[in-house]
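Here's a quick briefing to read with the model open in your viewer. Have a look at the fold, then work through the topics below.

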Amino acid sequence: MKFLFCGLGSIGRRHLKILKNEGEHTFIAFRSGKSTLKSNDEIDEEIENLNDITNKKIDAALITNPTSLHITTAIEIAKHGIPMFIEKPLGKDLDNISELENLVQEKNIPVLMGYNFIYHPAIESIKELIKEEKIGKIISAKAQFGTFMPGWHPYEDHKNSYAANSSMGGGVVLTSIHEQNYLTHFFGEVTNVMAMEVGGNVTGINAEECVEILLKHESGVVSNIHLNFFQKPYYRNCQIIGTEGTIFWDFMKPVIKILSKDKTDIINLGTDPMELLEKSYTNQMGHFIEVAERKCEPRVTLQSGIKDMHVALKILKEIKRNYN
């Protein structure tokens, strides 16, 4: 297959590495010339204008550039009818989304949203446990994510990164949208949103760095999400409370615990949490190849990405950040 990469930052390069191991493929990169990263030797060809793809016979495109450019880039790709992978989140807002929706529908273009956690063995197992009612009726859930964002990319000033700037789609709400997405995956669409910004200005970024969120889902479950950009060490977990017990997952431990009154059952997922994370990315790219070949439907559709954005924008409105 011939893949077009629109953006080769850290996440783009991660997907590229996986696809290089998936078979004999050809890779073209669209580069704006503004990146501080050097060209990648594993790319077969580089272009500086998306109009140049007309005669390239591209089979699939990955949109992995800064969040603020996702929708406009996707529109240009959609004009050529090319199957697309769009890294999460869909955008910094929903400007021009109708144009993208119309093109996708008109040209029958497969679109997969890039939420790798949906393919994580822990998330897949928890989804099955909920379906099987292993802890009875679910009442509430709590997801927490904390990271020291200034330490992500040692080669750059963190204040200049996309994650640090609301104008580029940064901030902890959009950058760390995984929790919102997988809780919706578990419990259904969000019907009510409450949020509060906390933390002050620990990291000095031009965007929100810590938010407490309450979501009411159509199933009746209420979920709480805590997100922050200043926690040391990295911390990520999920706790689901039911009438007969509790499901607990700590990202840094390759197990799921099912706690009840008299016992604790442990589901072993592997030996290394980083291997599980890598598996989520590998499974996602394998799925994207099948989507691009029209062998299956996307597990996370463009419409799912749009719904996630509506919720995220409501959260940002609640905390008086980034809304029209």
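Buried here means under 20% relative accessible area, exposed means over 50%, and partly exposed is anything in between (1.4 Å probe, protein chains only). This is a predicted model, so local features need pLDDT of at least 70 and side-chain atom pairs count only at pLDDT 80 or more, while totals for chains, interfaces and linings use all residues. Residues are numbered from 1 along each chain as its sequence is written, and side-chain values use heavy atoms, with hydrogens and water left out. Helices (H or I, at least four residues) and strands (E, at least two) are DSSP runs, numbered from the N terminus.

**Salt bridges**

- A salt bridge is a side-chain nitrogen of Lys or Arg within 4 Å of a carboxyl oxygen of Asp or Glu; by that rule the count comes to eleven.
- As background, side chains of opposite charge can pair when their charged atoms come close.
- Glu-46 and Arg-31 form one of these bridges, at 4.0 Å from N to O. The pair links distant parts of the chain, with Glu-46 in strand S3 (residues 45-47) and Arg-31 in the loop between strand S2 (26-30) and S3, 15 residues apart.
- Arg-31 counts as buried because its relative accessibility is 14%, whereas Glu-46 is partly exposed at 37%.
- Asp-93 and Lys-92 also meet in a salt bridge, at 3.0 Å from N to O. Asp-93 is buried, with a relative accessible area of 15%, while Lys-92 is partly exposed at 29%.
- Arg-321 pairs with Glu-197 at 2.9 Å, N to O. This bridge links distant parts of the chain: Arg-321 is in the segment after H8 and Glu-197 is in strand S8, 124 residues apart.
- Both partners are partly exposed, Arg-321 with a relative accessible area of 25% and Glu-197 at 26%.

- Lys-88 is found in the loop between strand S5 (84-87) and helix H3 (97-106).
- A polar atom of the Lys-88 side chain does lie 2.5 Å from the backbone oxygen of Thr-175.
- Contact means heavy atoms within 4.5 Å. Leaving aside neighbours within four places in sequence, Lys-88 is in contact with His-70, Met-113, Gly-114, Tyr-115, Thr-175, Ile-177 and His-178.

- Helix H2 (residues 70-78) is largely enclosed by the rest of the structure, because seven of its nine residues are buried.
- Those buried residues are His-70, Ile-71, Thr-73, Ala-74, Ile-75, Ile-77 and Ala-78. They pack against strand S1 (2-6), strand S4 (60-63), S5 and H3.
- Helix H8 (residues 302-318) has 17 residues and reaches 24 Å from its first C-alpha to its last, close to the expected 24 Å. The expected span is 1.5 Å times one less than the number of residues.
- Buried residues in H8 include Leu-302, Gly-305, Ile-306, Asp-308 and Met-309. The cover over the buried side of the sequence here includes H3, strand S6 (111-114), helix H5 (172-175), helix H6 (178-187), strand S8 (190-197) and S9.
- Just after H8, Lys-320 takes a positive phi of about 60°.

**Strand S9 and Leu-214**

- Leu-214 lies in strand S9 (residues 210-217) and is partly exposed, with a relative accessible area of 37%.
- Beyond its neighbours within four places in sequence, Leu-214 is in contact with Asn-192, Val-193, Met-194, Val-222, Ser-223 and Asn-224.
- Leu-214 and Lys-142 are 72 residues apart in sequence and 9.3 Å apart in space, C-alpha to C-alpha.

**Cysteines**

- A disulfide is a pair of cysteine sulfur atoms within 2.5 Å, and a search of the whole structure finds zero.
- Cys-210 is in no disulfide; its nearest cysteine sulfur, that of Cys-238, is 18 Å away.
- Cys-210 counts as buried at 3% relative accessibility, and Cys-238 counts as buried at 1%.

How values were computed: Polar contact = N/O pair within 3.5 Å; in protein donor to acceptor, adjacent residues only side chain to side chain.
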